[in-house]
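Please keep the structure in view while going through the points.

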Amino acid sequence: MRLDTPQRIPGRCTRLAQTGEYARAIILVLQNCPFRSVIEATIPMNPQRAVHVAIAQINSTVGDLGGNSERIASAARRAAALGADIVLTPELSLVGYPPEDLLLRQSFYAKSTEALEVLAASLADLSDVHVIVGHPLQDGGQNYNAASVLCNGRRIATYRKHALPNYTVFDEKRYFSSGNDVCTFKVRDTCFAINICEDTWFPEMPAKARAAGADVLLVPNASPYHMNKQHLRQDVMREQVIAQGMALVYANLVGAQDELVFDGASFAMDAAGRVSVQLPSFDESLVVVEIEGGELTAQSLPESLSTEAQVYAALVLGVRDYVTKNGFPGAVIGLSGGVDSALTLAIAVDALGADKVRAVMMPSPYTADISWIDSRDMAARLGVGYDEIPIASCFDAFTTALSPLFAGLSEDTTEENIQARIRGTLLMALSNKTGAIVLTTGNKSEMATGYCTLYGDMAGGYAVIKDIVKTLVYRLCHYRNGIGDIIPERILTRAPSAELRPNQTDQDSLPPYEVLDGILRMYMEEGQGVAELLAAGYRKEDVDRVVRLIKLNEYKRRQAPVGPRVTHRAFGRDWRYPITSKFKE
């Protein structure tokens with residue numbers, strides 16, 4: 001046998017081992033003794049039994065059938081090159097999640113089926129590699145959330161999702177019928193079954209899969225992020241695998257779709273409930289899991305992220321995907337010298353790059369000098385484009401025009417809102433002229449209580465921190481400054497103010513943020529009532545005031561831009577209260 005060059009031996013040995021030519025691989029190594037250690041790295045201990053499953057944690061875009069197919073195919077080829085026998089992609093990976101009312105269109109199913117067939121044919125050269133792809137399926141007059149196994153150029157099996165979530169952000173019963181059949185297939189002597197996402201939150205379908213002979217459960221997911229969701233997923237999956245004595249491989253979608261952020265954090269778990277493999281959060285990734293006789297080979301696990309690190313990464317991903325997937329060339333932000341706009345600017349730069357972000361300071365007659373000084377400082381630290389547009393002359397023009405109609409009436413929030421609406425108009429004009437999207441800067445505490453101006457600071461295309469209460473805003477700012485000192489310290493220490501009248505602070509109109517955010521957490525996010533709030537020690541006047549403001553300002557929130565969801569109860573898809581209502585608690 002001709003000796004290979006040292007550079008070629010490891011690659012040839014791996015390919016020979018993967019195709020079953022173990023004797024030739026061993027001879028190759030022994031004849032080139034400097035590379036004897038390659039045996040341990042490339043030849044499985046029990047080559048007839050070990051199966052390699054690739055978790056393809058990809059970022060699909062809703063409706064981008066061609067782009068999603070390319071992403072799936074690219075992941076499948078990379079996985080095959082690493083020796084994978086199975087490639088598991090997320091739920092509805094072919095069409096993105098959630099497609100919402102696209103699922104009511106016949107053409108969507110037809111195009112999806114066509115794309116699936118083209119994808120299967122394009123992977124025909126990956127001999128015996130099983131690629132699991134999520135897609136919508138129309139069959140027998142019913143619509144299903146399905147996952148199919150593609151192998152050797154064709155679809156060899158299809159699973160239809162059984163448990164259809166219909167709570168919080170989910171409404172799959174609007175679109176799909178439930179399947180009830182088990183789907184299994186074998187690779188060598190290991191039997192695999194498919195369950196889709198919600199199916200594994202209940203015992204019925206995992207038990208059916210185990211009864212059908214499955215050793216390993218493959219679970220495509222599109223499980224959106226909220227704080228502490230990752231631990232919840234693993235706890236629920238642990239219950240199922242222990243109950244069934246069956247290992248599990250879980251591939252979760254990563255990326256953002258409108259309000260929803262998908263964090264990935266895919267994993268593999270052995271039959272005892274131990275996490276053997278963990279993929280990173282908020283990034284695309286591909287990892288190959290070795291399974292032998294239903295047992296998983298453990299890999300090193302990444303460190304857990306703090307709550308602040310998770311939330312900040314979710315916001316960055318939400319901004320990046322919303323701006324880029326919708327084709328905006330960049331973003332415009334109204335910078336005030338306050339903490340909310342400072343955090344929004346930091347997130348935008350981390351998501352898009354400084355060259356795609358423009359900050360605009362619009363001082364009014366009531367803007368303190370330190371506000372524009374700190375705004376200039378932060379813009380310089382981040383290297384973004386920065387402009388200043390004083391609004392005093394615009395404000396004078398409005399008040400002059402309205403003075404005959406306001407004669408005899410004292411100044412109130414009307415004049416404050418005029419200033420906010422001037423700023424909104426200027427930002428939207430820049431957006432129209434440049435094509436850049438306006439990122440609004442209002443937080444959840446303000447949105448809950450209406451401490452925001454319709455068509456003013458609410459004007460824009462994407463509300464970056466609309467699900468972040470004020471106390472968390474400060475925590476995120478300190479977290480980001482821990483990575484790099486970009487937010488001036490004075491922004492974090494001065495009393496927050498809208499600066500729309502002399503000597504104004506937020507606490508003139510609202511309870512202290514620690515109190516306000518505590519009431520919001522219990523009342524809005526946890527669904528507790530006034531009695532529970534009072535029992536927790538909150539003052540009745542604070543509780544009554546906040547609950548009243550939440551109710552009164554529903555009409556504003558209905559007109560607010562979408563923004564990333566990071567709690568389990570965000571304004572928008574999670575919160576569906578009537579605007580017109582006489583109910584009082």
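**Note on cysteines, a helix and the cores**

1. Cys197 is buried, with a relative accessible area of 8%; buried means under 20% relative accessible area, exposed over 50% and partly exposed in between, with a 1.4 Å probe and protein chains only. Cys151 is also buried, at 6% relative accessibility.

2. This is a predicted model, in which local features need pLDDT of at least 70, side-chain atom pairs count only at pLDDT 80 or more, and totals for chains, interfaces and linings use all residues. Residues are numbered from 1 along each chain as its sequence is written, and side-chain values use heavy atoms, without hydrogens and water.

3. How many disulfides are there? A disulfide is a pair of cysteine sulfur atoms within 2.5 Å, and the count by this rule is zero. The sulfur of Cys151 lies 13 Å from the closest cysteine sulfur, that of Cys183, which is too far for a bond. Cys197 is in no disulfide either, as its nearest cysteine sulfur, in Cys183, is 17 Å away.

4. Helices are DSSP runs of H or I with at least four residues, numbered from the N terminus. In helix H14 (residues 470-483), the buried residues include Leu472, Val473, Tyr474 and Cys477. Among the elements that cover the buried residues of H14 are helix H8 (307-325) and helix H16 (513-525), where contact means heavy atoms within 4.5 Å.

5. A nonpolar core is a set of buried Ala, Val, Leu, Ile, Met, Phe, Trp, Tyr and Cys residues joined through side-chain atoms within 4.5 Å. The largest has 50 residues, and Val319, Leu345, Ile347, Leu439 and Ile468 touch the most other members. H9 gives the most to this core, with 10 residues.

How values were computed:
Helix = DSSP H or I, 4+ residues; strand = E, 2+ residues; numbered from the N terminus.
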